[in-house]
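Me: I would like to learn how to read side-chain contacts in a model. Could we go through them one kind at a time?

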Amino acid sequence: MARLHYYLNIFIFLLVSTSVNGQLIKSGEKLVFAGSYNMSGLMTQLAQVTLSTENVTTAKNTYLHLSCELSTYSKWDSFFKIRDIYESYVNPQTLRPSLYKRNIDEGGWTKKEKYVFKGNTVNSTSKRKNSLETQKTFTIGGSTQDVVSLLYKVRTIDLSKLTVGQTQSLMIVFDEKQIPVTLKFMGKETISAGNLGKKECYKLSIGAKTDALKGKDKNLIWLTADQKKIPVLLQFSIPVGTGKLTLTSATGI
Amino acid sequence: MRNAYLILALFFTFLAVVFSFLPLDTIAFLPIGIAFSFSLLLLKKSIQSQKKLPKTLLFICGIITLFVVGKTVFVKDEIVEDTKFEKEKVEIKKEAQKELEEIENDLE
């Protein structure tokens, strides 16, 4: 159970730390991925991950709601049911987050997190099953994103000008602390992109100052080499194994 | 030696049956393959009157192989509609909207 939980966190973290776009992120976008995990040398389909965007309006503002949902396939539900939601409410123009929420239910083990962004300060609250709620306040840099909004922020980077081996540094907030993330451009490859057919993609290596990721250039993401920069494939290597996310459907892009 | 093969063949056949019913996809082929190998070795080491059991184990391996292949080919990976989860999502969204308004008021 701990292994799965660990894997899922990394899975979300990686997915979310890899999105791109030279234009503003549109409301109504929906990307569906099949998540597989390497068990005893064989890739096993485990869960569906859905990334979606929509506008949310309050009395004073409009936000872009970025949502990342993870659900185990029905065949797994009776053994280990997972229903996770990671979401971020951001400024539609700057993608700067105002609110980040994480609600996870993994085989009955639950955790709720909330990060409220106020300028360079983050107020976080965290509540695990059968534990008291904890609160923390910490400062962040001006361009720090939460893990979900980072995915979309990356999609605004112009990757066409990068040369092989060139890196980009970013900062994210994860597990109530700020973590630096490095993206390294690895070149271009043509791969299958679900309903989009075969696509030429940018290949990026993700590095983060965390024990969660293993190996050099073993955590990779492929983004379509066009203006939309849709995440198509993601491979990851963590201390407890390897896995991948494969795009199966992209709509509203 | 025959006894060792017998125990291993029985153990891995049992494991293969269990794995084939779990949602482990093709991972079930691992114990099936091992069970098949030990059953073959058991068959080789058995005299004519002892061959019934290894043949039965090989037959079971064959059946569960078909079962696993059938599951892999015909059972689709899909998400079931989860009304509890859908309800929870709506509540989370409503809650978030209130929290966003609180943030706006705090920043004023």
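Me: Which residue forms a salt bridge with Lys111(A)?

Reply: Side chains of opposite charge can pair when their charged atoms come close. In this predicted model, Lys111(A) pairs with Glu113(A), and their closest N and O atoms are 3.5 Å apart.

Me: Is Lys111(A) buried or exposed?

Reply: Buried means under 20% relative accessible area. Lys111(A) has 7% relative accessibility, so Lys111(A) counts as buried. Glu113(A) has 3% and counts as buried too.

Me: Which arginine side chain meets Glu113(A) in a salt bridge?

Reply: That is Arg102(A), with an N to O distance of 2.9 Å. Arg102(A) lies in strand S5 (residues 97-106) of chain A and Glu113(A) in strand S6, so this pair ties together parts 11 residues apart in sequence. Arg102(A) is buried, as is Glu113(A).

Me: Where in chain A are the partners Glu29(A) and Arg155(A)?

Reply: First the contact: the side chains of Glu29(A) and Arg155(A) form a salt bridge at 2.6 Å, N to O. Glu29(A) sits in the loop between helix H1 (2-16) and strand S1 (30-39), and Arg155(A) in the loop between H3 and strand S10 (167-174). The pair links distant parts of the chain, 126 residues apart. Both Glu29(A) and Arg155(A) are buried.

Me: How many salt bridges does the structure hold, and which residues are linked in a network?

Reply: The number over all chains is 16. A network of salt bridges links Asp77(A), Lys81(A), Arg83(A) and Asp82(B).

Me: Now the rings. How many aromatic pairs are there over all chains?

Reply: For rings, read the distance between centres and the angle between planes; planes over 60 degrees apart count as edge-to-face, and those under 30 as stacked. The count over all chains is seven aromatic pairs. One of them is edge-to-face: Tyr115(A) and Phe138(A), 6.4 Å centre to centre, with 90 degrees between the planes. Tyr115(A) is in strand S6 (residues 109-118) and Phe138(A) in strand S8 (residues 134-139) of chain A, so the contact ties together parts 23 residues apart in sequence. Tyr115(A), at 0% relative accessibility, counts as buried; Phe138(A) is buried with a relative accessible area of 12%.

Me: Why is the pair of Phe12(B) and Phe38(B) stacked?

Reply: Their planes are at 15 degrees, with ring centres 6.0 Å apart, so the pair is stacked. Phe12(B) belongs to helix H1 (residues 2-21) and Phe38(B) to helix H2 (residues 29-45) of chain B, so the pair ties together parts 26 residues apart in sequence. Phe12(B) counts as buried at 16% relative accessibility, and Phe38(B) counts as buried at 19%.

Me: Last, the nonpolar cores. Which residues of the largest core touch the most other members?

Reply: In a nonpolar core, look for buried residues joined through side-chain atoms within 4.5 Å. The largest core has 67 residues, and Tyr152(A) and Leu247(A) touch the most other members. Helix H3 (residues 147-154) of chain A supplies the largest share of this core, six residues. A second, separate core has nine residues, including Leu6(B), Ala9(B), Phe38(B) and Leu57(B).

Technical notes. Residues are numbered from 1 along each chain as its sequence is written. Chains are lettered from A and ligands numbered from 1 in the order in which they are written. This is a predicted model: local features need pLDDT of at least 70, side-chain atom pairs count only at pLDDT 80 or more; totals for chains, interfaces and linings use all residues. Side-chain values use heavy atoms; hydrogens and water are left out. Rings of Phe, Tyr and Trp (its six-membered ring) pair if their centres lie within 6.5 Å; planes under 30 degrees apart count as stacked, over 60 as edge-to-face and the rest as tilted. Helices (H or I, at least four residues) and strands (E, at least two) are DSSP runs, numbered from the N terminus. Buried means under 20% relative accessible area, exposed over 50%, partly exposed in between (1.4 Å probe, protein chains only). A salt bridge is a side-chain nitrogen of Lys or Arg within 4 Å of a carboxyl oxygen of Asp or Glu.
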